[in-house]
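Hello,

Here is the structure I promised to pass on to you. Have a look at it first, and then read my notes below.

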Amino acid sequence: MSNDLDKNKKVPNVPNLRFGEYNDSWDFLIIKNYYETQMCKRIFANQTSQNESVPFYKIGTLGGIADSYISKELFKEYKSKYNFPKIGETLITCSGTVGKCIQFDGQDAYFQDSNIVWLRSENSPIINDFLFRLIDKKDWSQLNTTTISRIYTSDLLNLKFYYPSSKSEQEKIVLLLNKIDKRIETQNKIIKELNALRNSIMDNFYKKKTNGLYKSVSGMIDEFCMKTTRNSEYEVLSSTANGIYRQSEYFNKEAASSDTTGYKIIPFGYYTYRSMSDTGEFHFNQQMLIDKGIVSPAYPVFTIIEKHSKYVLLSLNNSPIVKKQILADKSGGTRFALPLSRLRKIQIPWADDKDISCFEELTSKIDTKLTLEKLIASKLLEQKNYLLANLFI
């Protein structure tokens, strides 16, 4: 693979990183010249149920687990009569979290009209897998403003891309990215299994040692409210399901506002989490990367003052008793909200100091292993983002 720059090769419109056997210039394409947008037939609320049949995906569940279903009879009728995606076509969310993409895998499923669309072409020079990569890496914040709430048909049709005319080059790029995605998926499974082992230990501990005792979070935490006073004062961090990452490493595009004045400062050793969730899952993370970073103003920042801070953090993230309390109040309307004021009201199962200390010692080895595996995961993400930044124009 060559990494010669355009100016050295004296060939216009080529990426920084390329397979050595290809040296011709990339071509230019406007989506509307080859594609049209399509969507499924509208599904009304009274046509859905909670009984598992054919999954019905909405913007909040696309790429995850469906929370509603339609009957097989309705699915077969609508699939035969109306627009329906083909295997490999890219489904795109156009509202809410805009620009989320998955490739349709052919499994029985139906999708929310207008909020989830796909592009179809009968004569495109771009293979479906390569189109997915192009759209998936699109930075939608550059469309009109830094914060957009909807992608319109005209936005999709006016997209412009460079692409290699050789479909074999497209396939090689896709194959390389698929391999690293597979490695990331394997790494995430390792992390998931380690978490499951730790959770099993926790469940056993709760059953045998807590005996119905609880302690309120309110006496365990102190809020940290310092904010930036100028733009780009500190590095932006992202709190994710797998830990805290530098945003520049975790995303292959900037997700923060162009002006980070007023962002919350999170010092080393302090904690944060996303306070809104579509699923009711909240992930509490300790910032162990840099001396001071910043997070979105919507992220609470706090320190745990309870001496058993490790136990508190594990309980917040993994205790089914804690999660039940969080899910009891859907105060965010269609989303779950967990402001710090609600977090303070959470009751954590408690035991005596000696038992908790033993538990913390028992889980520390798993956490050490988890830290290593998460570091590997972050390095794989760095590698992927490097490729995404250099394999395309």
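In which loop does Thr61 lie? Thr61 is found in the loop between β3 and β4 (strands are DSSP runs of E, at least two residues, and helices are runs of H or I, at least four, numbered from the N terminus).

Before you go on, please note that this is a predicted model, where local features need pLDDT of at least 70, side-chain atom pairs count only at pLDDT 80 or more, and totals for chains, interfaces and linings use all residues. Residues are numbered from 1 along each chain as its sequence is written, and side-chain values use heavy atoms, with hydrogens and water left out.

Thr61 has a relative accessible area of 10%, so it counts as buried (under 20%; exposed is over 50%, partly exposed in between, with a 1.4 Å probe and protein chains only). Leaving aside neighbours within four places in sequence, Thr61 is in contact (heavy atoms within 4.5 Å) with Phe56, Ala66 and Asp67.

Phe56 also has a bridge partner in β7, namely Tyr110. Strands β3 (residues 54-57) and β7 pair in the parallel sense over 2 bridges (DSSP must find at least two for strands to pair). The open sheet runs β4-β3-β7, with mixed pairing.

The whole structure holds 22 aromatic pairs (Phe, Tyr or Trp rings, the six-membered one for Trp, with centres within 6.5 Å; planes under 30 degrees apart are stacked, over 60 edge-to-face, the rest tilted). Tyr57 and Phe111 are stacked, 5.9 Å centre to centre with 20° between the planes. Tyr57 lies in β3 and Phe111 in β7, so this pair ties together parts 54 residues apart in sequence.

Best wishes
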